[in-house]
Amino acid sequence: MTKSREKKRWRLVVFIFQLIVIITAGLVYYQLKTGRLNFVRYEEFGIDMPVDYEIHGIDVSKFQKNINWEAVQQMQVENIHISFAFIKATEGITRQDGNFRQNWSRAKRAGVVRGAYHFFYATRDPLKQAINFQNVVQLESGDLPPVLDIEVSNGQPPAVIRSTARVWLEEMKKAYGVKPIIYTNVHFYETYLGDEFDDYPLWVAHYYQKKKPASARNWLFWQHNDGGRVNGISTTVDFNVFRGDSLAFSKLLIRAKKH
């Protein structure tokens with residue numbers, strides 16, 4: 001092989017190597033920008049977990065059956081463990097979740113920060129729905145604020161949904177002395193609630209997204225998956241993260257008994 005051919009060969013090798021480096025760097029940059037490197041799959045949880053968030057939690061109802069809250073609290077995989085749980089309390093004007101009372105007391109005893117939520121219907125009297133919740137839920141120091149779960153329209157226009165929701169929210173603030181959290185999905189919020197409720201903390205449901213939910217609205221909690229697994233629960237369960245550090249989470253909690 002002549003020196004000229006050898007130089008051309010090495011130039012080609014160097015060029016190919018540089019091209020590979022550029023392509024690899026581009027892929028890494030793309031993954032970082034889109035957040036695709038920030039999800040890690042843990043077989044123990046059975047789902048991809050958004051590891052950029054420090055505080056993880058679940059939400060449960062009677063459909064999770066009999067929960068071993070000690071097992072939930074003790075489960076830890078690397079740096080991820082369950083710090084909080086939203087627990088269904090009531091629905092409409094008369095319904096109460098059959099497992100609420102035991103979940104409520106056992107979660108606290110196990111050391112899991114707890115929050116209670118109400119499934120709301122715009123077709124029912126919002127004041128009676130607020131009374132239903134108050135009759136069941138006794139919030140204490142260290143609990144999360146009450147949650148309005150509003151995700152069905154039942155054929156009602158946005159104006160009716162907004163006006164009835166506001167009655168419930170204002171009653172909660174009077175009863176417990178804290179601003180309630182709104183839970184809903186991205187589509188429902190944008191279609192029915194709009195910017196009228198932007199001053200309320202938002203717990204948003206948007207599954208299987210990378211990095212964060214696709215919402216322009218500032219949010220506090222993100223329900224990112226509905227098929228997770230946790231020790232102590234025999235069924236699948238919804239997974240959530242809190243957008244903030246432990247200090248911000250602590251400031252959100254109720255500090256004195258309000259009811």
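**Salt bridges, pocket and loops**

A: D198 and R217 form a salt bridge, with 3.1 Å between the closest N and O atoms. D198 lies in the loop between α6 and β10 and R217 in the loop between β10 and β11, so the pair ties together parts that are 19 residues apart in sequence. Keep in mind that this is a predicted model.

Q: Is R217 buried or exposed?

A: R217 counts as buried, at 11% relative accessibility.

Q: How accessible are D199 and K179?

A: D199 counts as partly exposed, at 46% relative accessibility. K179 also counts as partly exposed, at 30%.

Q: How many salt bridges does the count come to?

A: The count comes to 12 salt bridges. One of them links D48 to R41, with the closest N and O atoms 3.6 Å apart. D48 is partly exposed, with a relative accessible area of 26%, and R41 counts as partly exposed at 46%.

Q: Changing topic. What volume does the largest pocket have?

A: The largest pocket has a volume of about 270 Å³. Its lining consists of 17 residues, and the closest to the centre of the pocket are D59, S61, Y117, D149 and D238.

Q: Which strands supply at least two residues of that lining?

A: Four strands can be named here: β3 (55–60), β7 (113–119), β11 (221–228) and β12 (237–242) each supply at least two lining residues.

Q: And by class, what is the lining made of?

A: The lining of the largest pocket has 7 nonpolar residues, 4 polar ones and 6 charged ones.

Q: Which side chain does the side chain of D238 make a polar contact with, then?

A: The side chain of D238 makes a polar contact with the side chain of Q223, at 3.3 Å.

Q: Over to H56. Which strand is H56 in?

A: H56 is placed in strand β3, a strand that supplies at least two residues of the lining of the largest pocket.

Q: Buried or exposed?

A: H56 is buried, with a relative accessible area of 1%. The side chain of H56 reaches the backbone oxygen of Y53 at 2.9 Å.

Q: Now the backbone. What is phi of E78?

A: Phi of E78 is near 55 degrees, which is a positive value in a residue other than glycine. Most residues other than glycine have a negative phi. E78 is placed in the loop between β4 (76–77) and β5 (80–91), and at 60% relative accessibility E78 counts as exposed.

Q: What about phi of N154?

A: Phi of N154 is near 50 degrees, again a positive value in a residue other than glycine. N154 is found in the loop between β8 (147–149) and α5. N154 is partly exposed, with a relative accessible area of 41%.

Q: One more loop. Where does G98 lie?

A: G98 lies in the loop between β6 (95–96) and α3 (100–110). G98 is exposed, with a relative accessible area of 64%.

Q: And what separates the C-alpha atoms of G98 and S61?

A: A distance of 8.3 Å separates the C-alpha atoms of G98 and S61, which are 37 residues apart along the chain. S61 is one of the residues listed as closest to the centre of the largest pocket.

How values were computed. Residues numbered from 1 in each chain as written. Predicted model: local features only at pLDDT ≥ 70, side-chain atom pairs only at ≥ 80, totals over all residues. Heavy atoms only, no water. 1 Å grid on protein atoms, 1.4 Å probe; cavity = no way out; pocket = protein on both sides within 12 Å on 5 of 7 lines; lining within 4 Å. Points joined across faces, edges and corners; volume = space filled by probe spheres on them. Nonpolar A, V, L, I, M, F, W, Y, C, P; charged D, E, K, R; others polar. Polar contact = N/O pair within 3.5 Å; in protein donor to acceptor, adjacent residues only side chain to side chain. Salt bridge = Lys/Arg side-chain N within 4 Å of Asp/Glu carboxyl O. Buried < 20%, exposed > 50% of the residue type's maximum accessible area, 1.4 Å probe, protein only.
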